[in-house]
Amino acid sequence: MSVSVTGLLRPTTDDQFELVLHRHFDVKPETVWTVLTDSVECGRWMGTWEGDPSSGVVHMKMVAEEGDALQVVKILECRAPEVVKVQQGPADQPWTLEVHLAENGPTTELTFIQPMARDFVLSMLSEVGPGWEYYMDRLVAAVAEEDANEIAWDDYYPARKEPYAVMARAAEL
């Protein structure tokens, strides 16, 4: 059985790529923005955070990951309700994550972007891609006032691993 994925891998330079996912919401950008950036609302789908965002750093606890460790999240750009760009993960290889919201009449289009070096694409895309599909669908559920915990990780991984592996192999060419 073939499993489809919504992520796209687009080259930006010879050795750099972006993983891009899109989602559509039947609400205004301000509603999506609140679910993205308010600690309690964000905790319904991704993770709660603590700290003062105006300092440029918060600490996040992911709700659907193993362990209790807080992750340092650097806020690189925040323009409500249009763009939030953060950096998180290990200090030696942090992940940059961007979310762009665009109003389209009474609806909102979300674009999620994770820049990646070719080596990261080749070694990690088949793991990371299904994860972002999972989290984006949890966000959709949270914005719709549904229980994001009803979305099962097992529906995303390993089922979506191979389509992302195919994308990664194409990046080798």
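These legends describe close-up views of one predicted model. Local features need pLDDT of at least 70 and side-chain atom pairs count only at pLDDT 80 or more, while totals for chains, interfaces and linings use all residues. Residues are numbered from 1 along each chain as its sequence is written, and side-chain values use heavy atoms, with hydrogens and water left out.

View 1. Strands here are DSSP runs of E with at least two residues, helices are runs of H or I with at least four, and both are numbered from the N terminus. Two strands pair if DSSP finds at least two bridges between them. Strands of a sheet pair through backbone hydrogen bonds, either parallel or antiparallel.

View 2. G47 stands opposite M62 in strand 4. W49 has M60 of strand 4 as its bridge partner. Six residues lie between the two strands of the hairpin. In the turn, G51 has a positive phi of about 120°.

**View 3. V63, in the loop between strand 4 (57–62) and strand 5 (71–79)**. V63 is partly exposed, with a relative accessible area of 38%. The cut-offs are under 20% for buried and over 50% for exposed, with partly exposed in between (1.4 Å probe, protein chains only). V63 and G47 are 16 residues apart along the chain, and their C-alpha atoms are separated by 4.8 Å. Neighbours within four places in sequence aside, V63 is in contact with G43, W45, M46, G47, T48 and R138. Contact means heavy atoms within 4.5 Å.

View 4. S39 belongs to helix 2 (residues 39–43). S39 is buried, at a relative accessible area of 16%. Its side chain reaches the backbone oxygen of W49 at 2.8 Å. Not counting residues up to four places away in sequence, S39 touches G47, T48 and W49.

**View 5. E18 and R10.** E18 is found in strand 2 (residues 16–25). Relative accessibility is 16%, so E18 counts as buried. The side chains of E18 and R10 make a polar contact (2.8 Å). A polar contact is a pair of N or O atoms within 3.5 Å; within protein, one must be able to donate a hydrogen and the other to accept it, and residues adjacent in sequence count only if both atoms are side-chain atoms. With residues up to four places away in sequence not counted, E18 touches L8, L9, R10, T12, I113, Q114 and P115.

**View 6. V27, in the loop between strand 2 and helix 1 (29–37)**. V27 counts as partly exposed, at 23% relative accessibility. V27 and P106 are 79 residues apart in sequence, yet 6.1 Å apart in space, C-alpha to C-alpha. Beyond its neighbours within four places in sequence, V27 is in contact with V32, P106, T107, T108 and V143.

**View 7. The W95 and F120 pair.** Seven aromatic pairs are found in the whole structure. Rings of Phe, Tyr and Trp (its six-membered ring) pair if their centres lie within 6.5 Å; planes under 30 degrees apart count as stacked, over 60 as edge-to-face and the rest as tilted. The ring centres of W95 and F120 are 5.6 Å apart and the planes stand at 80°, so this pair is edge-to-face. W95 lies in strand 7 (residues 95–104) and F120 in helix 3 (residues 118–143), so the pair links distant parts of the chain, 25 residues apart. W95 is partly exposed at 25% relative accessibility, whereas F120 is buried at 19%.

View 8. Y134 and W153 form an edge-to-face pair, 5.2 Å centre to centre with 75° between the planes. Y134 sits in helix 3, and W153 in the loop between helix 3 and helix 4 (161–172), 19 residues apart. Y134 is buried at 7% relative accessibility; W153 is partly exposed at 33%. F112, W132, Y134, Y135, W153, Y156 and Y157 form one aromatic cluster. The charged end of R160 sits over the ring of Y156, 4.4 Å from its centre. This requires NZ of Lys or CZ of Arg within 6 Å of the ring centre and within 35 degrees of the ring normal.
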